[in-house]
Amino acid sequence: MSAQPVTLTIDDVGVTVPAGTLIVEAAKRAGIHIPVFCYHPKLEPVGMCRMCLVEIGRPRRDRATGAPVLGADGRPVVDFGPKLETACTTPVGEGWVVRGLTENARAGRREVLEFLLTSHPLDCPVCDKGGECPLQNLTIAHGPGKSRFAYDEKMHLAKRVPLGDLIVLDRERCIQCGRCVRFQEEIVGEPVIGFTERGRKMEIVTFSEPGFDSVFSGNTTDICPVGALTTADFRFEARPWELRAAASICSHCPVGCNLTLNVRRQPNARGQIQVQRVMPRQNEAVNEIWICDKGRFGHHFASSPERLAAPLVRRGEGLVEVSWEEALAAAGDGLRRAQGRIVGLGGGRAANEDLYQLRTLIERLGGSAALAEWMAGGDLIQQFGAGSQFDFGRLGAGDAILVLASDLQEEAPLWWLRIKQAADRGAAVLVAGARPTRLEGHAAQVLRHPPGHAVQTALGLLHALRGTRDLARFRGDEGVRQAAKFIREARELAVLFGREGLDEAGTQALACASAELLVASGHAGRPGSGLIAVWPKANTQGAWEIGLRPPPGGLHSMLAGAGAAVIVAADPAGDDPALGEAVDRCGFVVVQELFLTETARRADVVFPAQAFTEREGTYTSGERRVQRAYPAVPPLAGTRPDWRILADLGAQVGLSLENGSASALFEAMAADVPSFAGLSYRALAHVESQWPIVGGDDLYYGGTAYRNEQGLGIKLPALAEQGPTAAVHWIAPVEAPSGGKVLLVPVERLLDSGTTLLPTRELDPRRARPQAMLSRSDADAWGVADGDEVEAAWKGRSARLAVVVSDGVPAGCVLIPRSVGVPLDAPAAGRVAAVRERA
Amino acid sequence: MLAETYRSEIEAILAKYPPEHKRSAVMPLLYLAQRVYGHVPPQALDEIAALLDISSTQVGSLVGFYSLYYDRPGGKYRVQICTDLPCALRGAEAFARELCRRLGIELGGTTADGLITVEAVMCLAACDRAPMFQVQDAEGIHYHENQTVDSALALIEMLRQGVRRG
Amino acid sequence: MAEHILLRHRDIPGLDELDVYLKHGGFEGLRKAVTKMSAQQVIDEVKASGLRGRGGAGFPAGLKWSFLTPGVFPRYVVANADESEPGTFKDREILESNPYQFLEGLAICAYAAQVRTAYVYCRGEFWDLAQALEWRIDQLHQQGLLGEQLFGTKYALEIHVHLGAGAYICGEETALLDSLEGKLGQPRLRPPFPAAAGLYGKPTVINNVETLTNLPPVLTRGAAWYKTIGTEKSPGPKIFCLSGCVVRPGNYELPLGTTFRELVFDRGGGVPSGRRIKAILPAGASSTILAATDAVLDTPMDYESVAAIGSTLGSASVIVLDDSVDMTWAVLKTSRFFKHESCGKCTPCREGTYWMLHIAERLHAGRGSRQDVALLETVARQIQGKCLCALGEFSTMPVVSAVQNFRADFEQHAAGER
């Protein structure tokens, strides 16, 4: 398709667009409003609803010569077709005259609306969509004032059909536009909803188990042009015009989806202003106009009644509520007594400002601050991370994307979605893993390896690229050679690495090997290429930028040997009872948290922190984009933002830390942290117009995702772009011990039982539980079947797990979800036995 | 269950279509499932989906779209009378009414013994031999043309006695 | 026309047996094509014959084949045996009683289109004849008339039977393709047309059973001979399906250009005694209904002449209504048909067929008003020109023409007189 410009006239306005542009899009770019329902700019056109009917006139051409026929006035003769045509399915033509405002065209729209409204219920007063409804808006603009349809002949259909537990369908309201079905089929590639029946009875149905089994299901409610699809979360909660909007960033995973939080005063929450729903905010370079269901529904933790609202101080065996003054004084005492043997532990959920303040405080007290995670490689990301021009949306034919040791749809759904679409555009997606995951269906090459052998596979690719003898022992098979060919020939290369099957040292080795791949293939330093870590938390990348990393000696010794610890937004005791024991041995523990977690229970002082919905902050995504979040609701009384608590703590011990505003703190951080040099809150708020247009008056066109008027964020360049960097050397992986035991491997599941997701009860039926996913052969050998109980034991720990037999699990391997209360963070050799109840 | 028990038949069906387009086999496989189960239950959707590498929804949505697939059991024999315009011009509607009256059911209903459902259907391409009907059971569909109420009742009686005529 | 060319079994008993068919020149057309003609030559001969599609659209067959995108393979031919238009039963007779001529014709088309795999999309209700057809295809394989190296050449052809499952819309070309691909049978956007992107996105020819059955005689007896039958613009024999209020309903093979009068009265025995002919639906339910005036009865049944009197010949499924028939009831029947069969994809057909049916029901039951009569026509006109495929458009034709030509019937209902 050439990008040759075509000029035509639409409603007397001259419009020039590239050839192949659909008339409806050409009109929209020129600010001309052609109404649509079934058309959506991110979907293939189908011409079903017939709402976009226009008159199209084409210049007459001489049959023999092909030359334009001119009229008496010297202008080309334009012949109009006998019928109205759909603007959404017709690409523009040179010299065409499109008329959408003639009586004929207006009648067409009016009549189509009359048809759509024949059985459409008069639900507006109680319909969630009312106020942001394309059908309402277009009916007012183009529709008849009344219907000639006899009311008592209308179809009566089911009004509350659950499509799974998260999405509710009202069959009467559905206008059969197909946007939802086509979104699932074309964009997600998981057709778990579809049309069935014929004619007026045509209806949406789902046969997946659970129903509408897709983590992207919520997006269909944004693009549904009527109130047919609503979320169980928001249904009947509030009217859109009552809602105020605030821009934020999702706190669940390293993609950093841009959100709009809609808030309203809640009568049944004592009049508190609360988040009523989470909507996507358009950022085409990050999440386009989509979010996943974890981000959409996982906001309830912020308004949970379990939130801490007062500081706590240990008295005897228990914690008692005290005033801020008393708590700060007690904390200050504890820190002073530690005499510099102080550690700080930050979690990847905290904002840049919080983590920077923590590091500053601890270092100025003579101690060291670390990141409470077990995944390494972040220092390589600064060198080789996604470049300044990196955008998954630009990758396609001729590019390659390598994913190692990560079940991407479970760990970073919007990256999965964007990579899947890159594959649709022809990008070579290469997936290395021990078991089938959802990305493999779109892969040009799958590299299957034994559990835990991601590093070996990466080194095999490196060997195929370099051919050096030191790598010979990692030589891979034909699949590896094929993949290396894609990598070598790629224009742009993205390498994503996770931690499935690896411990911390393994992730460091994988990061090194991945960075070396970029160097060996010549992509290091390209602005459109780079290395991305699939971090466990939203702001892990920010922590690394600020200089926090997993402690070299491990968390246990760091905590157990410290005189005092300040723990921010992390729950080591909850992740692992052994770490709980380390917390107990630590001299004095200060915890800043949202909830009374296991770690908080063991603390000497607990400060109630604000949630992301209540305060400003910035977050650095895994692609190294710094983005700004704004407060949406007034903070819970009695809470303070983490960075302020740390400043107050500093004041107790005679340190003067930035305590004025988050933006001032950000500027201080930008002056100190090289990665953030030159950034400011103002720069982060910069916006540009984006395509397609969504929201506002154009919500009928692109859906009800919010326009981004609060900031697109700033993409950090990789150091490699600026010149040669320090050489990277690959690290040989440590072989996992064998010997008749089973390898227990923790895996990420998007919908888990973590602290910030548990309060969203709608997700309970889909939530990962303490489960053991095992192969059929192992199940047979152990005499267990789906639903039976087994006991897994490793390193002095054990857990009871429900069996899930899955063909994708390698034999000799048991997969256990993270964040369900099973303290397995890195792969471990263990034993598994069926639990047989005694009579 | 279908995959193991009817392996050779399934392979013969799949062989009719290019292997990279085996989704085409969904319609004959739905007929197979209907033959085996009497209608198309949810487990059949999953079985067929697994055979063709498509989703259960992509299979299940067809059952509601096409008139000859049923997602729930009906009478063992579906007596489907054409009452479309050309047949109706030759007495099909009166035929249908009278047949139902004699069977003691409403049009669309099933006899008390669960054996016979009588339905009105659209044109069956037998317009010169009205009144007529087709009998659909799990095994297939057979036409019975130039019928009278008596001949129809006689046929139904034979069906009741377990004798099937082509 | 003394001899049958399409319903040849009426002249030759037992023609549905392969040895009988072969004894009477069967597969000579295919042999000639495959051994002596190039694919292009076959296309040219069919073009020269002027054969037009017999499924209802009347599009010249050879011309359709010439639209196949050059150089793109594989290609497919699909025989449309989804015969579901009310009043149509001609393809059924061919498939039951002259099946080998059809299969030979399908093979000739496949050869001309350079196709190695052909499908017969058969409506699901034709269960029995579909089984028989599969058996007959096996017979042809055994005789070396299908499969590899036909007639000692490199040409190979497989034919498979695919059963539909009860949806009239699957007779629409692109809906048929989607159905054959395993999806809902809903029409596609055109362009692209099947000749460019059809089955599995490959160039595909779809032809009606009757159309294909014409091919063996065209090849064996020549295009010039073929043009001596019928009219200049509509050559060849046509099977006319006669049904409704006539003494002898049935299939009648006659040259195109035969008049309605000859079909209905000379062949069909006219309307039952004591009644008078009232109306004719020439194209099944998808008809612009004609009042059975002398002028209409004397109109030749060919595509041009019927168009000239404001109707369409379509598949030539001639349904006769006599004066015992109330046109409101007739429209009720056609409206019920289209509402039942509308696939639902596009708004005007999905909503409009439902709406028309309800108005027709109301009128027929005596609960309608004069405004309803006008509304019925208005709704039908509102659907026109907006639909994604022909079903929606055709659903309006009997309504508009009945209200216009037989307004009295409707107004009697409105006035409570019926």
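How many Å separate the centres of domain 3 of chain A and domain 5 of chain A, taken over C-alpha atoms? The answer is 32 Å.

A word on the ground rules. This is a predicted model, where local features need pLDDT of at least 70 and side-chain atom pairs count only at pLDDT 80 or more, while totals for chains, interfaces and linings use all residues. Residues are numbered from 1 along each chain as its sequence is written, chains are lettered from A and ligands numbered from 1 in the order in which they are written, and side-chain values use heavy atoms, with hydrogens and water left out.

Chain A, then. Its domains are domain 1 (5-101), domain 2 (113-231), domain 3 (312-373 + 541-677), domain 4 (378-534) and domain 5 (742-834). Those bounds come from an automatic or database domain assignment.

Back to domains 3 and 5 of chain A. Domain 3 brings 7 residues to the contact and domain 5 brings 5; contact means heavy atoms within 4.5 Å. The two bury about 430 Å² between them, with 68% of that from carbon and sulfur atoms. Buried area is the accessible area (1.4 Å probe) that two parts lose on being put together, summed over both.

Now the charges. There is 1 salt bridge between these two domains. That term needs a side-chain nitrogen of Lys or Arg within 4 Å of a carboxyl oxygen of Asp or Glu. Arg797(A) forms a salt bridge with Asp576(A), and their closest N and O atoms are 3.2 Å apart. On the side of domain 3 of chain A that touches domain 5, the residues divide into 3 nonpolar, 1 polar and 3 charged. Here Ala, Val, Leu, Ile, Met, Phe, Trp, Tyr, Cys and Pro count as nonpolar, Asp, Glu, Lys and Arg as charged, and the others, Gly among them, as polar.

Next, chain C. It is divided into domain 1 (8-226), domain 2 (237-322) and domain 3 (327-414). The C-alpha centres of domains 1 and 3 of chain C lie 35 Å apart.

Salt bridges between domains 1 and 3 of chain C? The count is 0.
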